[in-house]
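This report goes through charged and aromatic side chains in one protein model. The sequence and structure come before the details.

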Amino acid sequence: MKLSSGFPLSLIKNGLLFSYPKLERDIKTDVLVLGGGISGALAAHYLIQEGIDCTLVDARTIGLGSTCASTSLLQYEIDTPLHKLIKMVGEKNAVRSYKLGVAAITKLAALAGKTGLRDFELKKSLYNAAYKKDVSFLKKEFEARKKHGFKVKWLEEGQVFKQCGFSSPGAILSDVAATADAYLLTHSLLQYNIAKGLIVYDRTPVVSIKHSRNNVQIKTQEKFIITAKKLVYATGYEVVNFISKPIVKLTSTYAIASEAFNLPIKLGKRDALIWNTAKPYLYLRTTSDNRIIVGGRDEEFFSHFKRDKLIPQKTKLLQRDFKKIFPSIPFKTEFSWAGIFGSTKDGLPYIGTYKKLPNSFFALGFGGNGITFSQVAGEIIASLIKGKMNKDARIFSFER
């Protein structure tokens, strides 16, 4: 599956950062992580942290799947609003999943510092009403978050304009959010953990996987065999090849990045992450190199050919969307790209074991907050493989 196309800003800006070897022999390992994007890198990090012998393999050059196309808005909110999620999965599980998102941002900030990643910035997040009719919905969401202890503030129309520089009938301002570069973070995590014993191979496609009671045998395209006691699937949206039931709906998503401004650019006084209640929602953020990223205009995914053909049209629409909100900012698109976005019925990821595939664990951070979910998945899976109890695993299980 072709996961991204066009010219993702992170890949253009950073290039191919490190070289990793291809697998050219049979190997054995305690745990194999399949997938070298941000999900795989985080899973491997927590496994190494637990002292578990670990090898990571990716079919592509590291980071060139969905990760390089990520716009890397880190928010604790998921695609299903809290007040609706409570009705779907119960108050306890819904609130806990949101709380884990808050904790994930703090932990990712610490990981960025530990691994030397500079392109990470804590921010606030503004969730605004795209239309006047959305205000009542947004107020329900605000009350649900406030009731359960989340640091949020309600902004009336005048306050939105004063603090954020554009007009909206109302908005929720959240204290916890961040921006990052998922592609850089992936490489930072891998390099940090290679120094601690992690082994990484890329350009090593897998053609068959055999699960048994005692181990998992993985055969590569070049007919080498990897024997692992446990296998962690961190293959993102390509997981549809391994799971027998439909768990994710695939969507084409689009993004554009402006030319770099000569001086630091802000979206209003707050310079918060901005996203709205439209369906599909529009989101905006600034970058560390003085650009603005705009994303959205999602469509149901049918093929990468159709998705890619729409990039020029979506670029014009996203630029127009931005100029409606901030008409005084001279936005000129320099890079545009497309990727695949996955969503589940309840907006939650799938993390943990899958009974039909013995000795397997899944780190599938679907939804708009795949990076924060991947952090949660990394901790849960490492604890399960270590034989520790993890109460959060049931929230994201395949049996939920």
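A residue is called buried under 20% relative accessible area, exposed over 50% and partly exposed in between (1.4 Å probe, protein chains only). With 73% relative accessibility, Lys87 is exposed. This is a predicted model, in which local features need pLDDT of at least 70 and side-chain atom pairs count only at pLDDT 80 or more, while totals for chains, interfaces and linings use all residues. Residues are numbered from 1 along each chain as its sequence is written, and side-chain values use heavy atoms, with hydrogens and water left out.

**Charged side chains**

Lys87 sits in helix H3 (residues 82-89); helices (H or I, at least four residues) and strands (E, at least two) are DSSP runs, numbered from the N terminus. Together with Lys84, Lys140 and Lys279, Lys87 forms a positive surface patch. Such a patch takes residues with over 30% relative accessible area and no salt bridge, and joins like charges within 9 Å.

Side chains of opposite charge can pair when their charged atoms come close. A salt bridge here is a side-chain nitrogen of Lys or Arg within 4 Å of a carboxyl oxygen of Asp or Glu. The structure has 19 of these salt bridges.

| Asp271 | Lys123 | 2.8 Å |

Asp271 is buried at 10% relative accessible area, and Lys123 is buried at 9%. Asp175 in strand S7 (residues 170-180) and Lys124 in strand S5 are 51 residues apart. Asp175 is partly exposed at 36%, as is Lys124 at 25%.

**Aromatic side chains**

Rings of Phe, Tyr and Trp (its six-membered ring) pair if their centres lie within 6.5 Å; planes under 30 degrees apart count as stacked, over 60 as edge-to-face and the rest as tilted. There are 16 aromatic pairs in the whole structure. Tyr127 and Trp275 are stacked, because their ring centres are 3.9 Å apart and their planes meet at 10°. This pair links strand S5 (residues 120-128), which holds Tyr127, to strand S13 (residues 273-276), which holds Trp275. Tyr127 is buried, with a relative accessible area of 7%, and Trp275 is buried at 6%.

Tyr350 and Phe398 are also a stacked pair, with 5.0 Å between centres and 25° between planes.

Key:
Patch = residues over 30% accessible without salt bridge, like charges linked within 9 Å, V, L, I, M, F, W, Y side chains within 5 Å. Areas by Shrake-Rupley, 256 points an atom, 1.4 Å probe, with all protein chains shown as cover. Lys, Arg positive; Asp, Glu negative; His and termini not counted. Charge placed at Lys NZ, Arg CZ, Asp CG, Glu CD.
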